[in-house]
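Hello,

Here is the structure I promised to pass on. Please open it first, then read my notes below.

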Amino acid sequence: MALINLAAGEINYKIVYYGCALGGKTTSIQYIYRKVNPQVKGKLVSIATEEERTLYFDFLPLTLEKVRGLKTRFHLYTVPGQPQYNASRKLVIQGVDGIVFVIDSQIDRLDDNIEAYLNMWDNLADQGDSPLDLGLVLQFNKRDLTNIFSSADLNELLNQTGSPTVESCALTGVGVFDALKLVTKQVIASTEAATPTSEPSSC
Ligand SMILES: Nc1nc2c(ncn2[C@@H]2O[C@H](COP(=O)(O)OP(=O)(O)OP(=O)(O)O)[C@@H](O)[C@H]2O)c(=O)[nH]1
Ligand SMILES: [Mg+2]
C-alpha cells in the first residue's frame with residue numbers, strides 16, 4: 001500500500017523493477033535517471049559488484065505531479081536478478097506498490113525469464129501479496145536483438161495476469177518511459193479507488 005503522510009502532504013509509492021539477471025533492469029533505471037530533469041530526481045544509488053551486476057538494489061527517487069493535492073513521490077528500485085540473491089529480492093519488494101517485470105526477449109533466456117517470473121510470485125506470496133493486486137507492467141526488453149521471441153509469444157508465455165506490455169530497448173531508452181508511466185498510472189488509480197482514510201497506511 002502507498003504510504004500517505006498527511007502531515008507532510010506526501011504520498012509515496014514503491015515501484016520495483018524485477019526480472020532475470022542481465023535482463024536490463026539497471027539499464028532501464030539508469031536511462032530514467034539520465035533523462036528526467038534535475039528538479040524531480042534524487043540521487044541514483046546503486047549497490048553493485050565490481051562487474052556492475054546488481055548486488056542488492058538500485059534506487060532512484062522521483063517527485064512528480066500532485067495526486068489529490070498530495071506531493072507524489074515514486075521510489076524506484078531494481079532487484080538483483082542473479083538467482084543466489086533471493087534474500088535481497090525479498091527485502092527490496094517489501095511494501096511494493098507496482099512492478100515493472102523486465103523480460104529479456106532473447107530465445108535462449110526463456111528459462112531464466114520463467115524462473116524469475118515464478119520467483120516473483122513466490123516472494124510476493126511470502127509477504128501476503130499477489131501480482132493480481134499490485135500494479136504490474138511487462139517490459140519486453142532487448143527488442144533491438146535478432147534472436148528474440150515475438151511479443152505475442154512472450155505475452156502467451158509470461159503474461160498470466162493480462163497485464164499491459166511494452167516493447168523496449170533499455171540501451172536507447174525506447175519504451176522505458178512508456179512502461180514507467182503505465183505502472184505509475186496503475187498505482188495512482190488504485191489509491192484513488194481506495195476509501196479515503198485519515199490514518200496513514202503502512203509501506
Ligand atoms: N542489446 C541490448 N542490450 C541491453 C538492453 N538492455 C540492457 N542491455 C545490456 O544487458 C546487460 C545487462 O543489463 P543490466 O541492466 O545490468 O541487467 P540487470 O537486469 O540489471 O541485471 P542484474 O543486475 O544482474 O539483475 C548490459 O550489458 C546492458 O548494456 C537492450 O535493450 N538491448
Ligand atoms: Mg541490475
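In helix α5, these residues are buried: V176, A179, L180, L182, V183, T184, Q186, V187 and I188. A residue is buried if 20 or more other C-beta atoms lie within 10 Å of its own, exposed if 12 or fewer, and partly exposed in between, with C-beta atoms placed from the backbone. Helices (H or I, at least four residues) and strands (E, at least two) are DSSP runs, numbered from the N terminus. Helix α5 covers residues 176-193. How far apart are the end C-alpha atoms of α5? They are 26 Å apart, and the 18 residues should span 26 Å at 1.5 Å a residue, so the two values agree. The expected span is 1.5 Å times one less than the number of residues in the helix.

A word on the source. This is a predicted model, in which local features need pLDDT of at least 70 and side-chain atom pairs count only at pLDDT 80 or more, while totals for chains, interfaces and linings use all residues. Residues are numbered from 1 along each chain as its sequence is written, and chains are lettered from A and ligands numbered from 1 in the order in which they are written.

Now the whole chain. The protein chain has five helices and eight strands. Along the sequence they follow the pattern β-β-α-β-β-β-α-β-α-β-α-β-α. The radius of gyration is 16 Å, close to the 17 Å from the globule rule for 203 residues, so the chain is as compact as a globular protein of that length. That radius is taken over C-alpha atoms, and the rule is 2.2 Å times the number of residues to the power 0.38. The C-alpha trace spans about 50 × 35 × 30 Å along its principal axes. Of the 203 residues, 40% count as buried. Among contacts with a separation of 6 or more, 72% join residues 24 or more positions apart. Two residues are in contact if their C-beta atoms, placed from the backbone, lie within 7 Å.

Next, the strands. Two strands pair if DSSP finds at least two bridges between them. Strand β3 (residues 45-48) pairs with strand β4 (residues 54-67) in the antiparallel sense, over three bridges. V45 has F59 in β4 as its bridge partner. The hairpin of β3 and β4 has five residues between the strands, and E52 takes a positive phi near 65° there. β4 also pairs with strand β5 (residues 70-78), antiparallel, over nine bridges. Here V67 is bridged to L70 in β5. Two residues lie between β4 and β5 in their hairpin, and R68 in the turn has a positive phi of about 50°.

What surrounds ligand 1? The shell holds 21 residues, and the closest are G24, T26, T27, T54 and G81. A residue counts as near if its C-beta atom, placed from the backbone, lies within 6 Å of the molecule. Helix α1 (residues 25-35) gives the largest share of the shell, three residues.

Last, two single residues. V102 lies in strand β6 (residues 98-104). Is V102 buried or exposed? V102 is buried, with 31 other C-beta atoms within 10 Å. Leaving out residues up to four places away in sequence, V102 touches Y17, G19, G23, G24, K25, S28, Q139 and N141. M1 sits in the segment before β1 (3-5). M1 counts as partly exposed, with 16 C-beta neighbours inside 10 Å. M1 and L134 are 133 residues apart along the chain, yet their C-alpha atoms are separated by 8.9 Å.

Best wishes
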